[in-house]
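Student: I would like to go through some of the labels used for this model and ask what each rests on.
Tutor: Go ahead.

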Amino acid sequence: VLYRRRKAFRPSTIPTPAEMRLLIVRHADPEYHGDTLTEHGRKEAVALATSLSSVDAPHKVSKIFVSPMGRARDTARFSEEALNLTAQVENWTKELSDWPRIPENAFEKPGIAGMSMWDIPSDAVRDADSPSGSVTASSQWELVDGLAAVRTRYEELCSNSDEFLGRLGYVREGGKYRVMNKTREVVAVFCHGGFGLTWLSHLLQIPVATVWASFWLAPSSVTTILFDERSSQYATPRVIGLSDTGHLQVAGLSTANSKYEKPNVYTSDPRPSGVKSNFY
């Protein structure tokens, strides 16, 4: 019996990929009093700018957007100069400091070991009573204590995200994005830890409580989202790098411990900005 070798399947038409990359950049090590950077934070921001503008960088940043807050703008400034780009301020990307806080810490302020909603303990999420064994995008608001207080604010952030990406040529339809402009862009958004995690929740369709309880964005880190095209019309966000601080290693730096992370009920150990319990 003779068998004919099959040809590898190839689509009749191969769509030209837009392949936009979205870089979510957390500001460098913060000096919250004065809303700027520490000396170490400035070194982190320089290292980041050097990395983004390197001739060896495989994908060049073509647009920069930035939160209106000082620590994000001070971080972006070095990259603006290195890339010869001017950042556009996006007010909706500011830190979520005015969102309701975890109830038992309602009177503590950002920067002095108070607990923001994105500092929610993971056991409060993973132990939430659910027939499916875990919270879902719809059930989280009722199952996770205190979460309902931020629901309206979260939905506003999602709407702002959709409007922003629509301007870049990606129109959200359900959980995917219709590609309106076939361009290859690398877009960097300099923002904040709490905001960045919350935005990831919407982009990836993961319950925000789960994202808050499961991920951390290091100061000056870069999270890379590829708008993955599997058809000629639509793209979906895919994380191809999370909280990357490789630029610090290249520069001989490490992630600094923050003086604002005070001893609390979880630990008295020193730790970086945004870490509330043990860190090693």
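Student: Which residue lies over the face of tyrosine 234, and at what distance from the ring centre?
Tutor: Lysine 176 does, at 4.6 Å from the ring centre. The model is predicted, and the distance cut-off for a charge over a ring is 6 Å. Arginine 77 lies over the face of phenylalanine 78 in turn, at 4.5 Å from the ring centre.

Student: Why is the pair of phenylalanine 195 and tryptophan 199 called tilted?
Tutor: The planes of phenylalanine 195 and tryptophan 199 stand at 45°. Stacked needs under 30 degrees and edge-to-face over 60, so the pair is tilted. The ring centres are 5.5 Å apart, and pairing requires centres within 6.5 Å. Both residues lie in helix 6, four residues apart, about one turn of the helix.

Student: What makes the pair of phenylalanine 65 and phenylalanine 164 edge-to-face?
Tutor: The angle between their planes is 85°, and the cut-off is over 60. Their centres are 4.9 Å apart. This pair links distant parts of the chain, with phenylalanine 65 in strand 4 and phenylalanine 164 in helix 5, 99 residues apart. Phe65, Trp92, Phe164, Phe195 and Trp199 form one aromatic cluster.

Student: Why is cysteine 158 called buried?
Tutor: Its relative accessible area is 9%. Buried means under 20%, so cysteine 158 qualifies. Cysteine 191, at 0%, is buried as well.

Student: How many disulfides are counted?
Tutor: The count is zero, with sulfur atoms required to lie within 2.5 Å.

How values were computed: Residues numbered from 1 in each chain as written. Predicted model: local features only at pLDDT ≥ 70, side-chain atom pairs only at ≥ 80, totals over all residues. Heavy atoms only, no water. Buried < 20%, exposed > 50% of the residue type's maximum accessible area, 1.4 Å probe, protein only. Phe/Tyr/Trp six-rings, centres within 6.5 Å; stacked < 30°, edge-to-face > 60°. Helix = DSSP H or I, 4+ residues; strand = E, 2+ residues; numbered from the N terminus. Lys NZ or Arg CZ within 6 Å of the ring centre and 35° of its normal.
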